[in-house]
Structure formats: C-alpha cells, structure tokens
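Look over the sequence and the model first, then read on.

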Amino acid sequence: REAMVQKASMIITHGRVLTMDPAQDRAEAVALAGERILAVGSAAEIAALAGPDCRIIDARGASVLPGLIESHLHLFMGGAELAHLQLLGVSGAEALGQALRAYADAHPDLPLITGQGCDYAILEGRALTRHDLDALLPDCPVLLIAADHHTGWANTAALKAAGILEGATLGPGNEIVMGEDGLATGELREFEAKAPVLKLSGMQRISAGIATGGEPEPAPSRDDLLADCAEMARGLEHCARHGFTSLVNMDGNRYTLDVLAELRRQGRLTARVRVPFHYRNHRRPEDLEIASKMARDYNDDWLSSGFVKMFMDGVVDSGTAVMINDYPDQPGWRGEPLFEPEVFAEICTECDRRGLQIAVHAIGDGAVRRVIDGYEAARKANGPRDARNRIEHIELIDRADIPRLADLGIVASIQPVHAPGAMDFPLQPTLDKIGSTRWNDAYLCRSLKDAGVKLAFASDWPVADINPLRGIQAALERPVYEGGQDERLGLHEVIAAYTTGGAWAEHSEDRKGMLRPGYLADLVVLDGDIEATPVAEIGAMTVRQTICGGRVVWDGEAVRQAEARETAGQDA
C-alpha cells in the first residue's frame, strides 16, 4: 500500500504558508506532483512524500503564497514598452530634454522615439505641445504617452509623418486637439488618435488589440509572429519575476492568442493567460461570433478567451471619463460615452446569450452607471446566470449604485495603485478634476467589499508598475482623502484580492487562488515573511521563486548568483 502513495516531484518547505484556504489557512510545506498540488501540511508530513528526483525548495521562514493573479494588464504592450524611454518622475523641460536626447543618441535608428509615463503636468504644471517637443528634439519623430496610456503628445515631425498635422476624422471619444492656427497642438486623446503615430514605430501588430480590436493589417508573416514572440516573452518574464502565474489581458484579438500559442509550443509560456475579444464601438453585435470562436478554440488552463472587453469612457485627467455631473473646471462638460445606452444593452444581451463574460473599462460615475444598466438589461432579457461580469477601474461611483453591483454579482476589478497619492500617481490634477465634493466616492475599496462586492486587484501594467508587493503596500497605505472614508483593507484582504478574488473573477476558484490538494501547482515564495514585515517595507520585498504548473519559471536566487558571477568576472 505504501508503494501506491503518489510521490512529490517538488516540495516547498520550512515556509510560512498562507494557503488562502479557509479549511486550512496555514501550513509549513507544500508538495507538488506534476502540475497539481499533492499535499499541504507540516514540514515532516510533506517530507515523507518526496520522490527519488524530488526538488526541494527551502523557503527559510519566508511567506509562501498561491500564485498571484494579475487581473488586469496589457501584456503585449507591456513587453514592448520595457524597451521604451521611461519618464515616470521626470519633470521640467531641462530634465525631459536630457532624457530625450540621451535616449535618441542611444537609439539612432529608431523611426519613432516613444516615451512612457509622461505626466499630464510635466512642464511646470501644464501639458506639452508639439512646439515644446520641437524645441527639445525637432528632427526625429517623438511621441510621449501618459502613464494612463489614454493621451499622447507628439512633435511636429511625428504629426507630419503620420499625416495628422492638419487633423483627421475620428470615432466618438477620440480627439486630435487642434489649435487656433488650424493645426494639431500635439495632444492626442485616446487610442484612435495615437494610432497613426504609433504605426511609425512598427508597433501596429502589438497595439492592434487595443487600438482597433481587429487583426493586424497587413496580415503578419511567420517572421513577424516570431519577432513578436520576443516582445511577448519579455513581458512574461517581467510578470514571472513578480510572482504572477495567471494573467488577464485587457486588450485582445486572435493574433495575441496565436503569439502566446507559439510560445507555448516552444515551451516558453510561463503563465496562464486569458485574452478577450476587444469589442470597439465600430463593431456590430454579429461580430461577437469572433469572440465565440476564440472561446471555443482557446479554452484550457493555460490559454483561454471566453470574454469580451469594451471601453465606456476615457480617463479623469484628460476629461474623457464620463461623469454624472459637470467637471468642476469645465461647466457643461461631462465626457462622451463610447456607447449609447440602447446599443450597449443590446451588446451585453448578445454576449450574455452566448455565455461570454463581459469586462468594461468605466472610470467616471456616469460610465459605471451605464455599464451597470447594460448588465441589468442583459439579465432581464436572458434570465439570471452566474455571469460574473466585470467593471474595470471604477475610479468614481455614485454610492447609490454600489448595492446594484452586489445584486448583479458584478466583479469590481480595482487597481489600488491608481489611487492618487497611493504609489506613483500624484494627487493632482486628478483630485481637482473630480472635485472635493466627490472625494468620498472616489477610488473605493473598503466600501465595495463591505457591500458584498467581489474584488479583484491588479496594476493595469504598463499603466502602473506591475510589482504586486508595491501594490500591496499601496493598498495598505493609500491616503484618506479629505472628507472621505478610510478605504484601506487589511493585509489578508489585499492578498485575497490578488489570489482568491482573481480566481473568482475568472470562474476558476475550483482550481486557482488557494494552496489546496488537487489545485493547480502555482505558488510564489517571497524573500521574507510578509506578515512580519513593516507595511512601509513590503514594497521593497522581492520574489524568490515563482512556480507555475509545477515548474520554476522565475528563480531570483539563481539570477542574483549569475549576476554576481558576471560582475566578479568583469572586475577580474
């Protein structure tokens, strides 16, 4: 009988294991057998399960958690943007000019200098114009993109090369801001406006999933696909080093899945990825057959689809978020919704009829309410089901709408790192754009959870730093806005939003989000005990190992040792 006991292929031992399983919330060790968890228990119990070739990982008293779930990111874009000029924290013309010139000198062959993380008020409290950029780098096309990715600023060379210096006709919610001289000022609002300039860089295949939701044109060759695998693999490695084993992409098309499938074929897929059909507002409900086909063709624990992503509005800082009331600094302006109510309700109803989950970007309280109305219309038309439709961001909500979220089973996909002052994003201009009378309704977490709304936390990378340890610290330390309630959660509640909450949002709580026998062998080993670490130091912690499907996909210790050997060799 002893010979029949299944043996472990890997054991993680001597850890402070937070299983997130209410039936057994703590342990010392975890045994894995192939791609599943074999057992969870004491170090002695688990040691007895070791097979002849079992790999033993000694956690040395550090926290061991379920593999983290990044519930909202842009993987393809993020991987590509790691190579771009990074501008987060850069302020003033002198610093910006130095950064631009240094990057241009280091990359002389680039057709477009692309910068990421540009502040809306980078120049002494104001945004850029093309003339500002011309003065800093006139001869090379330049596009600087805001951290939220909804606004870009281009110089004259870029606008001319893209053919939009004199403007262009765009769809609702998109704008090439024009000056009194009849020429573009350089400010490009939303994705359709930025797309012609981004095309100069050759990123159209990578950005098609968010810019149009369609397939890249012209159709990518095999060489194109293999080249794009490198960008995707860079993004996957970045996620693995931060402890993520499951990723929910929030832009998508079939090509995104095809690139991931090629990486899987090569043995280079290091996380489980969900990719939506991105339904832009030029689509028709019959186009949802594309989403259904993606769902049928990709439907396992490594690559899956099965949901539809939409945008209802833009962002607060550019005034494109849809509000119930006027913007304080723009009387009469409340933003422009990307879907009319009847059209959106029809789309939701058809998605629901097909059994597709829905995820909608809604930042302003007006957009959030319109999305709730659409989900409610789908339920009335088709009858109730366990849809777990999602609203992404919810940066502002009328508190009267919170009970409707819970009643309809809507998942609140929240980015705690987006709250102004919580991590990298400044308090202004965002809080002034919202208005002090509404700060109590902004960036809610505790209020949603207490109302029974399911939470899933994420970063929206590359909009914000993907590092979940910084995200956890931000969620614990975020400011309490004047006149507002304290929206902070406790440590275990925050970890749950990165694990069990993410699994719930994916309909995968029966195999993800906990360390439980039979569940997928996805774990993360930190470099210390997160419960014993002061909150102010959690963000400086690192991931020692990331294990996905029973395979170590990130080994921080091995990487550090290799780097130390390389440094020693260079010194010698």
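Two strands count as paired if DSSP finds at least two bridges between them. The model is predicted.

- Three bridges link strand E15 (residues 244-249) to strand E16 (residues 272-274), in the parallel sense.

**The mixed sheet**
- Another open sheet has six strands, in the order E3-E2-E7-E24-E25-E26.
- Its pairing is mixed.
- At the edges are strand E3 (26-27) and strand E26 (551-555), and each of them pairs on one side only.
- Strand E24 (residues 523-526) and strand E25 (residues 543-548) run antiparallel, joined by four bridges.
- Leu523 has Ile547 in E25 as its bridge partner.

**Helix H6**
- Which residues of helix H6 (residues 191-198) are buried? They are Phe191, Ala193, Lys194, Val197 and Leu198.
- Buried here means under 20% relative accessible area.
- Viewed down the axis of H6, the buried residues fall within an arc of 155°, so they line one face of the helix.
- An α-helix has 3.6 residues a turn, so residues three or four places apart point the same way.

Note on methods:
Residues numbered from 1 in each chain as written. Predicted model: local features only at pLDDT ≥ 70, side-chain atom pairs only at ≥ 80, totals over all residues. Heavy atoms only, no water. Helix = DSSP H or I, 4+ residues; strand = E, 2+ residues; numbered from the N terminus. Buried < 20%, exposed > 50% of the residue type's maximum accessible area, 1.4 Å probe, protein only. Arc of directions from axis to C-beta.
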